[in-house]
Amino acid sequence: MEQILDAAEYLFSVHGLYGVTLKDVAQKVGVHHTLLNYYFTDKKTLFDAVIGRRAGVTSGLRMKALDAYEAACGGKPTVEGALRAFLDTDLDLYSQGGENWKNYGALGAQVSNTTYGAELFDLHFDPLVLRLVEILKKALPDCAEEDIFWGYHFVTGALMLTLARTGRIDRLSGGRCNSDDFEAVKDRMAGFMAAGFMSICKTNKGAAG
């Protein structure tokens, strides 16, 4: 089963949901396609299993990190502190978990930009995201709630682009940056995004005043 899910994860990450058949997965594993039909009624069932297998791991680790951060901050969370718990924990998982986790990251980046993928993300990640938002509200008590949700929207967009590892930043920077350098991303993303939260909250608070 793990071989099937690993093979499907890789193929889906490269070709997408609609570019892969159960026969393709069976061929990559080296088994007859009837074996996949035994375990999975159709391709979407397999796709859902691929997404769900690692979703619980990454969601659980980040939930623990957010809980630990809130417990340690003495009731005074900061935006950057909350984002570091949310982002850095995930980036560590993808950078240290081997090629299969990187394939999952690329797959997640791809499906997050589709309606069906967003529905799967609703199912697997909403409790985690709302936990982050809860802490951000405490860090920014005067910020409009919609600005916090927009801020999260921008954060997750940057995270998904990072996990896609397209190589574009490598070419744009003339090799100064590397799409696989998650440590470089960790050094920058949370602080950059925290400043963005502060900016939109301050701007819209001033406009409202």
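Biologist: Is Arg54 buried or exposed?
Modeller: In this predicted model, Arg54 is buried, since its relative accessible area is 10% and anything under 20% falls in that class.

Biologist: Where is Arg54 found, and which residues does Arg54 touch?
Modeller: Arg54 is found in helix H4, and, leaving aside residues up to four places away in sequence, Arg54 touches Asp6, Glu9, Asn100, Trp101 and Tyr104.

Biologist: Staying in H4, what about Thr58, buried or exposed?
Modeller: Thr58, whose place is also in helix H4, is buried, with a relative accessible area of 1%.

Biologist: Which side chain does Thr58 join in a polar contact?
Modeller: The side chain of Thr58 is joined to that of Asp90 by a polar contact of 2.4 Å. Apart from residues up to four places away in sequence, Thr58 touches Asp90, Leu93, Trp101 and Phe125.

Biologist: How do the axes of H4 and H5 cross?
Modeller: The axes of helix H4, residues 43–72, and helix H5, residues 79–96, come within 9 Å of each other and cross at roughly 145 degrees, and the crossing in which H4 passes H5 is right-handed.

Biologist: Which residues meet there?
Modeller: On the H4 side the residues are Val57, Thr58, Leu61, Arg62, Ala65, Leu66 and Tyr69, and in H5 they meet Gly81, Ala82, Ala85, Phe86, Thr89, Asp90 and Leu93. By class, the residues of this contact divide into nine nonpolar, three polar and two charged.

Biologist: Switching to aromatics, how many aromatic pairs are there?
Modeller: The count comes to nine aromatic pairs. One of them is formed by Phe47 and Tyr116, a tilted pair with 6.3 Å from centre to centre and 35 degrees between the planes.

Biologist: Why does that pair tie together parts that are apart in sequence?
Modeller: Phe47 lies in helix H4 whereas Tyr116 lies in helix H7, residues 115–139, so the pair ties together parts of the chain that are 69 residues apart in sequence. Phe47 itself counts as buried, at 1% relative accessibility.

Biologist: And what do Trp150 and Phe154 form?
Modeller: Trp150 and Phe154 form an aromatic pair that is stacked, with 6.0 Å from centre to centre and 20 degrees between the planes. Both residues lie in helix H8, residues 145–164, where they are four residues apart, about one turn of the helix.

Biologist: How accessible are Trp150 and Phe154?
Modeller: Trp150 is partly exposed, with a relative accessible area of 49%, and Phe154 also counts as partly exposed, at 44% relative accessibility.

Biologist: Back to Phe47 for a second, which residues form a cluster with Phe47?
Modeller: Phe12, Phe47 and Tyr116 form one aromatic cluster. Leu17 touches each of these residues, as its contacts, not counting residues up to four places away in sequence, are listed with Phe12, Lys43, Lys44, Phe47, Gln110 and Tyr116.

Biologist: Where does Leu17 lie, and is Leu17 buried or exposed?
Modeller: Leu17 lies in the loop between helix H1, residues 2–15, and helix H2, residues 22–29, and Leu17 is buried, with a relative accessible area of 8%. The C-alpha atoms of Leu17 and Tyr116 are separated by 10.0 Å, although these two residues are 99 residues apart along the chain.

Biologist: What share of the residues counts as buried, and what share of the contacts joins residues at least 24 apart?
Modeller: Of the 209 residues of the protein, 43% count as buried. Among contacts between residues at least 6 apart in sequence, 71% join residues at least 24 apart.

Definitions and conventions
Residues numbered from 1 in each chain as written. Predicted model: local features only at pLDDT ≥ 70, side-chain atom pairs only at ≥ 80, totals over all residues. Heavy atoms only, no water. Axes fitted to C-alpha atoms, helices over the stretch in contact; angles between N-to-C directions. Helix = DSSP H or I, 4+ residues; strand = E, 2+ residues; numbered from the N terminus. Left-handed = near helix turned anticlockwise from the far one by under 90°. Contact = heavy atoms within 4.5 Å. Nonpolar A, V, L, I, M, F, W, Y, C, P; charged D, E, K, R; others polar. Buried < 20%, exposed > 50% of the residue type's maximum accessible area, 1.4 Å probe, protein only. Polar contact = N/O pair within 3.5 Å; in protein donor to acceptor, adjacent residues only side chain to side chain. Phe/Tyr/Trp six-rings, centres within 6.5 Å; stacked < 30°, edge-to-face > 60°.
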